[in-house]
Amino acid sequence: MSPILHSVSCPVCDGDVPKRLGLAETSEKTRDLGIDGVHVVRCFRCGLFYADPMPAWTVADLAALYDHDYYPAMTAWWENIRARVNPVRRLGALQHYCGSSISRFLEVGCGPGYALKEALRRGWQAYGQDVSPVASSVGASLGIDVFIGPLEQGPYADSSFDAVYLDSVIEHLPTPVAFLRELWRLLKPGGCAYIVCPNADSLASVFMEFWARLRSSDRSARICPLRPPYHVVGFGPHAMRWAAERAGFAVVQILVDKDYQTRRFSQRLMASRPPGLRAGLKQAGWTVVYWLGERAGRGMNLEAILRKPNTGGRSCCTSDFSR
Ligand SMILES: [Zn+2]
């Protein structure tokens, strides 16, 4: 594994006056590779958080990073949210905004294939893509085509799909606008993209950063580009809107706080007994932070529904992944 590190201007707005927040936290894998000195920065113009210099992984690196170990064990309650509740709600919203016309559906970064199963249940013609070889068995078990490799190398022609869906994907990509342009190319006019990612402007993220400063750490707690989950960019609602419109999409809706984070962490607290007083107080404190964030509209989850204009949209079919 040998990532190339290269300096970048803001991957969303090309701004070049970032605020430096601190060094990125490293993992055992990245320490073994001698990778350090990557900073987490925030763009003054669009609000995007990103890694600078930016690690660029090869296809083989990606397969190694997102192997079986990457997918965490989940409680039964959380598995139900990921596998059933969220796909039903989100694909229902896709159906609503696309009208009754969804025939061909693509899940990008399909992983365990939760949305693919819901798409099949709805009678849609479903396709999947992922860089992780874990997803190949998902395709076989569902009897559908899953392409393993980067999306831009996939076999899909222009205007192939009525709807595309991705959960926890765009924050891993060093060139998110080029990626969105690729989604634009794949969608039929009037088609919709449903994008789910962490909200980098969440109250919990602010507290994590504040906590790091209290400990006089030179590390930033944000996005974590050099340790799992390897997020190299972080979107809040403003940066997401900027990126979507730059790629030629019309923003239908941007939602936060629909992923039950407070209950998720409360469950973890209950499941970890006996946690000890110190660990219990820490978990309880974070649960309060998550709860406050959700009440303030600054929860951990961001969902964007974007539409490719029927007519009059500017051409965005050049997906330059070199930057
Ligand atoms: Zn920017």
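The following legends describe close-up views of one predicted model.

Residue numbers start from 1 along each chain as its sequence is written. In this predicted model, local features need pLDDT of at least 70 and side-chain atom pairs count only at pLDDT 80 or more, whereas totals for chains, interfaces and linings use all residues.

**Figure 1. Overview of the chain.** The secondary structure comprises 10 helices and 14 strands; helices (H or I, at least four residues) and strands (E, at least two) are DSSP runs, numbered from the N terminus. Of the 323 residues, 45% count as buried. A residue is buried if 20 or more other C-beta atoms lie within 10 Å of its own, exposed if 12 or fewer, and partly exposed in between, with C-beta atoms placed from the backbone. Among contacts with a separation of 6 or more, 73% come from residues 24 or more positions apart; two residues are in contact if their C-beta atoms, placed from the backbone, lie within 7 Å.

**Figure 2. The open sheet of 7 strands.** The strand order is β8-β7-β6-β9-β10-β14-β13, and the pairing is mixed. Two strands pair if DSSP finds at least two bridges between them. The edges are formed by β8 (146-148) and β13, each of which pairs on one side only. On average, neighbouring strands are turned by 15 degrees against each other, direction ignored; axes are lines fitted to C-alpha atoms, for helices over the stretch in contact, and angles run from 0 to 180 degrees between N-to-C directions. Strand β10 (residues 187-198) pairs with β9 in the parallel sense over 6 bridges, and Ala163 stands opposite Cys192 in β10. Helix α3 packs on this sheet, touching β9, β10, β13 and β14, and its direction makes about 150 degrees with that of β10. Helix α5 also packs on the sheet, where α5 touches β7 and β8 at about 160 degrees to the direction of β8.

**Figure 3. Packing of helix α3 with helix α4.** Helix α3 (residues 76-98) and helix α4 (residues 114-121) pack with their axes 9 Å apart, at an angle of about 55 degrees. The two helices are therefore oblique; angles under 35 degrees count as roughly parallel, over 145 as roughly antiparallel, 65 to 115 as roughly perpendicular and the rest as oblique. The crossing of α3 and α4 is right-handed: a crossing is left-handed if the near helix is turned anticlockwise from the far one by less than a right angle, and right-handed if clockwise. Arg82, Ala83, Pro87, Val88 and Leu91 of α3 meet Tyr114, Ala115, Glu118 and Ala119 of α4. By class, this contact holds 7 nonpolar, no polar and 2 charged residues, where Ala, Val, Leu, Ile, Met, Phe, Trp, Tyr, Cys and Pro count as nonpolar, Asp, Glu, Lys and Arg as charged, and the others, Gly among them, as polar.

Figure 4. Leu91, in helix α3, is buried because 22 other C-beta atoms lie within 10 Å. Beyond its neighbours within four places in sequence, Leu91 is in contact with Ala115, Glu118, Ala119 and Arg122. The C-alpha atoms of Leu91 and Tyr194 are separated by 8.4 Å, although these residues are 103 residues apart along the chain. In α4, the buried residues are Tyr114, Ala115, Leu116, Glu118 and Ala119; these pack against α3, β6 (104-108), β7 (125-130), α5 (134-142) and β9 (161-167).

**Figure 5. The open sheet of 5 strands.** This sheet has the order β11-β2-β3-β4-β12 with mixed pairing, and its edge strands are β11 (219-220) and β12 (233-234). Strand β4 (residues 49-52) runs antiparallel to β12, and 2 bridges join them; Tyr50 has Val233 of β12 as its bridge partner. A cis peptide bond, with omega of about 0 degrees, joins Asp52 and Pro53, and Pro53 is found in the loop between β4 and β5 (54-56).

**Figure 6. Two loop residues with positive phi.** Phi is near 55 degrees in Ser159, which is placed in the loop between β8 and β9, and near 55 degrees in Ile223, which lies in the loop between β11 and β12. Ser159 is partly exposed, with 16 other C-beta atoms within 10 Å, whereas Ile223 counts as buried, with 27 C-beta neighbours inside 10 Å.
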